[in-house]
Amino acid sequence: MLPCCLKTPATMLIRPDLRAHVHAFYSFARAADDIADHPLLDPQVKVARLERFADVLLGSEGDDVPSATAMRQSMLETGIVPQHCLDLLTAFKRDATQLRYKDWDDLMNYCRYSASPVGRQVLALHGIGEEAWPANDALCSVLQVINHIQDCADDYAQLDRVYIPQEMLAASGARIEHLAQKMATIGLRKTLNMMLDKCEAMMPQARNLPRCVPDTRLKCETSIICVLAGQLIRLLRKRDPLRDNVKLGKIPVTGAALAGIARAWF
């Protein structure tokens, strides 16, 4: 599962000369994610197909995985190493085989492979190295957890996949089966708030990311994403993801864009 705010191809804020490469990466990620999330495929079939993605990415011939072929060409043109793509495939294979997460550390390890590589790839395309990874990883992990909370009912109903840590559920007196109800129980609401508390604690580090980015366009984009993440955390505290479609409307998104651009320079 790709994190929210990182599911779409390059925006107008990305440098024009990099948009095709960002698009190639997103297309690769989306195609692999679709396999991992396919409700009818057997887990072993999913893993085999995802391994084929890796083979083509690393040079194997074949036209059966066009997104991996395009990504390989992008890497040849940019000199970016395949590790970020391979990390994503690690997460997607985990999606195919792991349906539960024991605790917060287990979930953060998943985010390290499912979310962080997305930001790391974009940073690498802009010539930004590992010094920005701590802030990037914090922001990407927050976005991933937000996505998990937004989609918790659908993930359980459609894939029997639960990203909410089992230890947190138990500590709140909640059960996985509560995700099938029409509204969150008191215990489940407490669990989701615990997850949001963890996200809130990561936001100060996440907000350092724009300061690590010299590129004006990317600085603005990362700043906007930080504002959006903060808004979504607050919205998820107020609304029930089992009952409501918890998304930001056009007016809040526009406001976040303006606020993010302003904050990028202060």
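Residues count as buried under 20% relative accessible area, as exposed over 50%, and as partly exposed in between (1.4 Å probe, protein chains only). By that scale, Asp197 is partly exposed at a relative accessible area of 41%.

The model here is predicted, so local features need pLDDT of at least 70 and side-chain atom pairs pLDDT 80 or more, while totals for chains, interfaces and linings use all residues. Numbering starts from 1 along each chain as its sequence is written, and side-chain values use heavy atoms, leaving out hydrogens and water.

Now to the salt bridges, each a side-chain nitrogen of Lys or Arg within 4 Å of a carboxyl oxygen of Asp or Glu. The structure holds 15 of them, including these:

| Pair | Closest N and O atoms |
|---|---|
| Arg161 and Asp37 | 2.7 Å |
| Arg237 and Asp197 | 2.8 Å |

Arg237 sits in helix H11 (residues 216-238) and Asp197 in helix H10 (residues 186-206), so their pair ties together parts 40 residues apart in sequence. Helices here are DSSP runs (H or I, at least four residues), numbered from the N terminus. Arg237 is partly exposed, with a relative accessible area of 31%.

What about the other pair in the table? Arg161 belongs to the loop between helix H8 (152-159) and helix H9 (166-171), and Asp37 to the loop between H1 and H2, so this bridge joins parts 124 residues apart in sequence. Arg161 counts as buried at 1% relative accessibility, whereas Asp37 is partly exposed at 22%.

Elsewhere, Arg15, Asp17 and Asp215 are linked in a network of salt bridges.

Technical notes:
Helices (H or I, at least four residues) and strands (E, at least two) are DSSP runs, numbered from the N terminus.
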